[in-house]
Amino acid sequence: AKNNLNFGILAQPATFLGLAFVSYDMLNDDDLDMVNVLSLGSYLNIMDILHIQVDVTQPQKRNPNGQGSANAGIEFNLNYGFLLRAGEIWDTLNQQNFWTAGMGWTGPNLSLSYAYKANINVAGDYWHTMTLWLNF
């Protein structure tokens, strides 16, 4: 059995702006399966039509050059709960680059989403993810 701890704080200086700090996997284990990762993020909401998210992450162990990743995403609110998403991930630690795309629908008690992630440096390296939320 392994135990771990995550910590995060969110500041919202204005209704359209959010800033966050998160520390994942704060309790390291001996075999370094879980490595502490620090992350800074931001969220910008433009007229409830366009949402822009940017964050940077950096693993604190097994990272001699202090590299990490930068992630950027954009989300369009198409009204009636429909969302269209796109983004990119620049992972300098693992020398990988990904494009992402997705769509979703948020209802009062049920939400659905689909996401696609592709490694632009490796042909055939891609993921499809579907998520279903039930709110009680």
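Reply: Reading from the N terminus, the elements run β-β-β-β-β-β-β-β-β. That makes nine strands and zero helices in the protein chain. Strands here are DSSP runs of E with at least two residues, helices are runs of H or I with at least four residues, and both are numbered from the N terminus. This is a predicted model, where local features need pLDDT of at least 70 and side-chain atom pairs count only at pLDDT 80 or more, while totals for chains, interfaces and linings use all residues. Residues are numbered from 1 along each chain as its sequence is written, and side-chain values use heavy atoms, with hydrogens and water left out.

Let's go to the end of the chain, at strand β9, which covers residues 126–134 and holds H128. Setting aside residues up to four places away in sequence, H128 touches Y114, A115 and Y116. Touching, or contact, means heavy atoms within 4.5 Å. S113 is 15 residues from H128 in sequence, and their C-alpha atoms are 11 Å apart in space.

One strand back is β8, residues 110–119, which includes N119. Is N119 buried or exposed? N119 counts as buried, because its relative accessibility is 5% and buried means under 20% relative accessible area (over 50% is exposed and in between is partly exposed, with a 1.4 Å probe and protein chains only). Apart from its neighbours within four places in sequence, N119 is in contact with Q96, N97, F98 and D125.

F98 also takes part in another arrangement: K117 lies over the face of the F98 ring, 4.5 Å from its centre. K117 lies over the face of W127 as well, at 4.9 Å from that ring centre. A charge sits over a ring if NZ of Lys or CZ of Arg is within 6 Å of the ring centre and within 35 degrees of the ring normal.

Y80 is exposed, with a relative accessible area of 76%. Its phi is near 55 degrees, a positive value in a residue other than glycine. D48 has a phi near 55 degrees too, and sits in the loop between β3 (37–46) and β4 (50–59). D48 counts as partly exposed, at 48% relative accessibility.

P64 is in the loop between β4 and β5 and is exposed, at 78% relative accessible area. P64 and L93 are 29 residues apart along the chain, with 9.6 Å between their C-alpha atoms. V35, in the loop between β2 (17–24) and β3, is buried at 14% relative accessibility. V35 touches Y24, D25, N28, P59, Q60 and K61, leaving out residues up to four places away in sequence. The C-alpha atoms of V35 and K61 lie 6.1 Å apart, although 26 residues separate them in sequence.

Now step back to the whole chain. Its C-alpha atoms fill a box of roughly 50 × 40 × 30 Å along the principal axes. Of the 136 residues, 23% are buried. Among contacts between residues at least 6 apart in sequence, 20% join residues at least 24 apart. The chain exposes about 9,500 Å², and carbon and sulfur atoms supply 63% of that area. Such areas come from the Shrake-Rupley method with a 1.4 Å probe; for residues, only the protein chains shown count as cover.
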